[in-house]
Amino acid sequence: MPNESDEGQRDDIGALGALAEPTRRALYEYVVDQREWVGRERAADAVGIQRGIAAHHLDRLVDAGLLEVDYQRLSGRQGPGAGRPAKVYRRAPEEFGVSLPARHYELAGRLLAVAADRSRHDGTPIDATIAEAAREEGRLIGTAARARLGRRSGRATRRARLFDELRARGYEPETRADGVTVLHNCPFHRLAQEHTELICGMNLCVLDGVLGELEDLGLKAELEPEAGYCCVRLHDL
């Protein structure tokens, strides 16, 4: 069954793919630059195309989630004789981002910001607040995964659910013949290269939190850095 994170990634790719068509991208950029509601005729004139063609592309951008739509009387008149409201467009508030392979720098930034705030507020050493924030995030992931499992799911099913969650977050897990699960991709790759001890420790705490929440997996997370892999590996207990 598709994971919500998988679907979100596909949605982002689809949304950004809508901008590959040159006319559609020109319309999008024009609407964004106006910083106000823009009607079809105005947008069509701006990029030099027919109104009907502009309407088609603008509505495709709405379907992709890149623009939002409203209906307004562009004449400024009110009451009888003012005419029907026209369809108008402006940039949608949603954010889109795609990286290949998958990276989650926003998550790393959020965890570090939460940890810094806690450390400043109560004087707890920053290392401790980073570990706490990371484990909390892992528990949230584990709780969501557990909710998708049946009450009497066996260990194999629970492990499969874990690996689905890790895949959805870009870790690319693979269980080798020796039983060790390696993670082929690090979602925090650049940060881990520049701040290895800090980011790898945070990553370990996230995965510890996931394992602890899912329970009865028979797995433990350990730091085992090796070039070409995430720094964490999963071992049988």
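**Exercise 1.** Does Ala 227 count as buried or exposed, and at what relative accessibility?

*Solution.* Begin with the background: this is a predicted model, in which local features need pLDDT of at least 70 and side-chain atom pairs count only at pLDDT 80 or more, while totals for chains, interfaces and linings use all residues. Residues are numbered from 1 along each chain as its sequence is written, and side-chain values use heavy atoms, with hydrogens and water left out. Then apply the cut-offs, by which buried means under 20% relative accessible area, exposed over 50%, and partly exposed in between (1.4 Å probe, protein chains only). Ala 227 has 74% relative accessibility and therefore counts as exposed. Finally, look across the chain: Ala 227 and His 184 are 43 residues apart in sequence, and their C-alpha atoms are 9.9 Å apart in space.

**Exercise 2.** Describe the place of Phe 96 and list its contacts beyond its neighbours within four places in sequence.

*Solution.* Phe 96 sits in the loop between E3 and H5. With a relative accessible area of 29%, Phe 96 is partly exposed. If neighbours within four places in sequence are left aside, Phe 96 is in contact with Asp 12, Ala 15, Leu 16, Ala 64, Gly 65 and Leu 66, contact meaning heavy atoms within 4.5 Å. The C-alpha atoms of Phe 96 and Ile 13 are separated by 8.4 Å, although these residues are 83 apart along the chain.

**Exercise 3.** Find which residues make the nonpolar surface patch of about 350 Å².

*Solution.* The patch is made by Ile 13, Leu 16, Val 98 and Leu 100. One of these, Leu 100, belongs to the loop between strand E3 (86–91) and helix H5 (105–122), and Leu 100 is exposed, with a relative accessible area of 73%.

Notes:
Patches are made of residues with over 30% relative accessible area and no salt bridge: like charges are joined within 9 Å, nonpolar side chains (Val, Leu, Ile, Met, Phe, Trp, Tyr) within 5 Å. Accessible areas come from the Shrake-Rupley method with a 1.4 Å probe; for residues, only the protein chains shown count as cover. A salt bridge is a side-chain nitrogen of Lys or Arg within 4 Å of a carboxyl oxygen of Asp or Glu. Helices (H or I, at least four residues) and strands (E, at least two) are DSSP runs, numbered from the N terminus.
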